[in-house]
Number of protein chains: 2
Amino acid sequence: MLHKLQVRLPAEATDRSYDILIGTGLLDQAGLEIATRFGPRKIVVISDSHVAPLYLERLHAALKTAGHTLLQPAIMPAGEPHKTLPTLQQLAETVLQQQPDRRLLVLALGGGVVGDMAGMLAALLLRGVDYIQIPTTLLAQVDSSVGGKTGLDTPQGKNLLGAFHQPRLVLADLDLLRSLPARHWRSGFAEIVKYGLINQADFFTWCHAHGPKLLAGDAELLTSAIARSCASKAAIVAADEKESGQRALLNLGHTFGHALEAASGFGENLYHGEAVAIGCALALRFSIALGLCPASELDRYLALCAACELPTTPQLPASMVPTLLDFMSGDKKNSDGAITLILLRGIGQAFVQKGVSRQQLATFWHEVLANPSTRNAC
Amino acid sequence: MLHKLQVRLPAEATDRSYDILIGTGLLDQAGLEIATRFGPRKIVVISDSHVAPLYLERLHAALKTAGHTLLQPAIMPAGEPHKTLPTLQQLAETVLQQQPDRRLLVLALGGGVVGDMAGMLAALLLRGVDYIQIPTTLLAQVDSSVGGKTGLDTPQGKNLLGAFHQPRLVLADLDLLRSLPARHWRSGFAEIVKYGLINQADFFTWCHAHGPKLLAGDAELLTSAIARSCASKAAIVAADEKESGQRALLNLGHTFGHALEAASGFGENLYHGEAVAIGCALALRFSIALGLCPASELDRYLALCAACELPTTPQLPASMVPTLLDFMSGDKKNSDGAITLILLRGIGQAFVQKGVSRQQLATFWHEVLANPSTRNAC
């Protein structure tokens, strides 16, 4: 006695395309930009204890003036250690106590952590509501605010829980970057350089030529770099939203980098962009060790990093190798035991390398940690 | 200075159709049914403290024999009070400690709570992995295991956090229902009757004619009823997966019912199916009060419920009315303040009624709680 039914689900036809606006004065225009696209809405702002005191009042005023209705904001403690399910629960309860409906619009005001948490909250609230990103760090403007990856950390690693949920709009306001310390600018710049490394050798050269002036605050160079980065990411995401192939290239430097961040406790010791800068150096070194990439490409990368004051060497004792390997083994891109890495045939020539063994990586890490700054250690 | 980019995302083309198998012996065939469709996989079973001791060993044996690799199972405490984010965290950590990759297959073995939690876990683990439902209650076999709604509760209400994530396969094994107490059978039967009420008057008549014999354990009647219910739900879900319209009809009896469950503390006092049975009675009463439905339709429904020992009257003091209204106001289907209900023009003629005012409902609830079993109270 067996009945068989099939549930047939048509492809989802919803238009999920969205605009990214990059410029000055966008915080004060946010209400209008939203109203023009989506009409007057009920909006809840998600922010953190660092950013809310700086910009929340201005944003609320801009939203009110444009005719939106404001819920009480949900403010989380600042920092990666709070990118967890218990924080999500607190944010969710703050919003749910105000009895929202599915027309609610979640607005993320903050850096990457706020963006990831607000996006995940929007993905789950009432099984999904719209959200908009107003990234307030360079890192978030060129990376996490675009592409619809949301997520949070568990004790087992970074972003191990999450959802693909695309924003409806991204507003990258350059004015918001002015208050950031230099270290944050450099951390964001590391992700910008990554796009050059992946598939745009000319942009890598541009970054080397203009990096120091950009980091000194040149608005025109900054706008160009953000626009180029977002366009680069948008093209890759459009081709492979759910990371079944090409999107994994965006993780260049991230598997090494995440392991370093995790081993360092995700705190002030090592910013995400710094970990990515070191991770890209390690991806180059490992590619060279495998005979896949000329050693001169590492020299070019190290020269850019020296000019822009980006770190390239991990500062950990050799005793940490097993821990680092465990973090790398837990990466989402892996399948069936072997480790997947993004490696380089040269600058602008990243590719997905599956099947890297734990043993290969163990040897590599031991050599790296014994000779952190010797570029030909492997 | 304003740059504008557009991220263009093509419609998602993934085939998300899936089979529902209904029959006997499916638990022991699970490994084969999975291997035939998806090849040998790494599988983690999610279950609860009631169900795991009964069926986990047999399921594991069946999976192993068919060549699958088993992770340590993640077992949650049984019951709706545990359908929360902290439980999700525990389940996620149990799975993540075993370093899964995206080829992991999550297998839900349990009732609706386990299915909802396992589905949500699968939606979020590594930003989404496949999952399969093996529902072990009649309620779950005819309702929650089909359709891809996952979710959990917060102090503000039921299923207020969740995701749409379709299972890859549903195995409804009738043998698993044998151990259920009669009250569970009746609770499941209430959801079966709901499909008749929504849009299949002939099936409602069938339920009235065969309900008592079905509830006494007749396997043939049971199979027919489950198959008809799943087909009915599948058709509605296929037409409107994300509940922008018609899918809301499946919530017939649920907005009233959820409020009753919430007010009763989601426990042994009132099962979900019992709340739905009462909720359907209230939907009929409210429809009659609004002059939308002949009073004789309520008589037909009450007669069926009497024959099948389904409850139809709420047991709460009038002082609970504000609490009930708050729970109804927080329902996901609402928009912009007014309440949306599923009402009936008659048996088999459900429709979505937007814009019901809190005041109308307050009056209705006061009359109902003052005269719980008087069918013409309104």
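Contact here means heavy atoms within 4.5 Å.

## Basis of the model

This is a predicted model, in which local features need pLDDT of at least 70 and side-chain atom pairs count only at pLDDT 80 or more, while totals for chains, interfaces and linings use all residues. Residues are numbered from 1 along each chain as its sequence is written, chains are lettered from A and ligands numbered from 1 in the order in which they are written, and side-chain values use heavy atoms, with hydrogens and water left out.

His254(A) is placed in helix 9 (residues 254-264) of chain A; helices (H or I, at least four residues) and strands (E, at least two) are DSSP runs, numbered from the N terminus. With a relative accessible area of 6%, His254(A) is buried. Buried means under 20% relative accessible area, exposed over 50%, and partly exposed in between (1.4 Å probe, protein chains only).

Leaving aside residues up to four places away in sequence, His254(A) touches Asp143(A), Glu191(A), Lys194(A), His272(A) and Val276(A). Two of these residues, Glu191(A) and Lys194(A), also form a salt bridge with each other, their closest N and O atoms being 3.0 Å apart. A salt bridge is a side-chain nitrogen of Lys or Arg within 4 Å of a carboxyl oxygen of Asp or Glu. Lys194(A) and Glu191(A) are separated by about one helical turn, because they are three residues apart in helix 6 of chain A. Both Lys194(A) and Glu191(A) are buried.

## Further salt bridges

Over all chains, a search of the whole structure finds 38 salt bridges. Side chains of opposite charge can pair when their charged atoms come close. One of the pairs is Glu274(A) with Arg183(A), at 2.6 Å from N to O. This pair links distant parts of the chain, since Glu274(A) is in helix 10 (residues 272-289) and Arg183(A) in helix 6 (residues 182-199) of chain A, 91 residues apart. Glu274(A) is buried at a relative accessible area of 12%, whereas Arg183(A) is partly exposed at 24%.

In chain B, the side chains of Asp28(B) and Arg58(B) meet in a salt bridge of 3.0 Å, N to O. Asp28(B) lies in helix 1 (residues 26-38) and Arg58(B) in helix 2 (residues 52-65) of chain B, so the pair ties together parts that are 30 residues apart in sequence. Both partners count as partly exposed, Asp28(B) at 42% relative accessibility and Arg58(B) at 38%. Elsewhere, salt bridges that share partners join Glu80(A), Lys83(A), Asp116(A), Asp153(A), Lys158(A) and Glu261(A) into one network.

## Overall form of chain A

Chain A has 13 helices and twelve strands. Its radius of gyration is 21 Å, close to the 21 Å that the globule rule gives for 378 residues, so chain A is as compact as a globular protein of that length. The radius is taken over C-alpha atoms, and the rule is 2.2 Å times the number of residues to the power 0.38. Along the principal axes, the C-alpha atoms of chain A fill a box of roughly 70 × 60 × 35 Å.

Buried residues make up 63% of the 378 residues in chain A. Among contacts between residues at least 6 apart in sequence, 75% join residues at least 24 apart.

## An exposed loop residue

Asp15(A) is located in the loop between strand 1 (2-7) and strand 2 (18-23) of chain A. Its relative accessible area of 56% makes Asp15(A) exposed. Asp15(A) and Glu268(A) are 253 residues apart in sequence and 40 Å apart in space, C-alpha to C-alpha.
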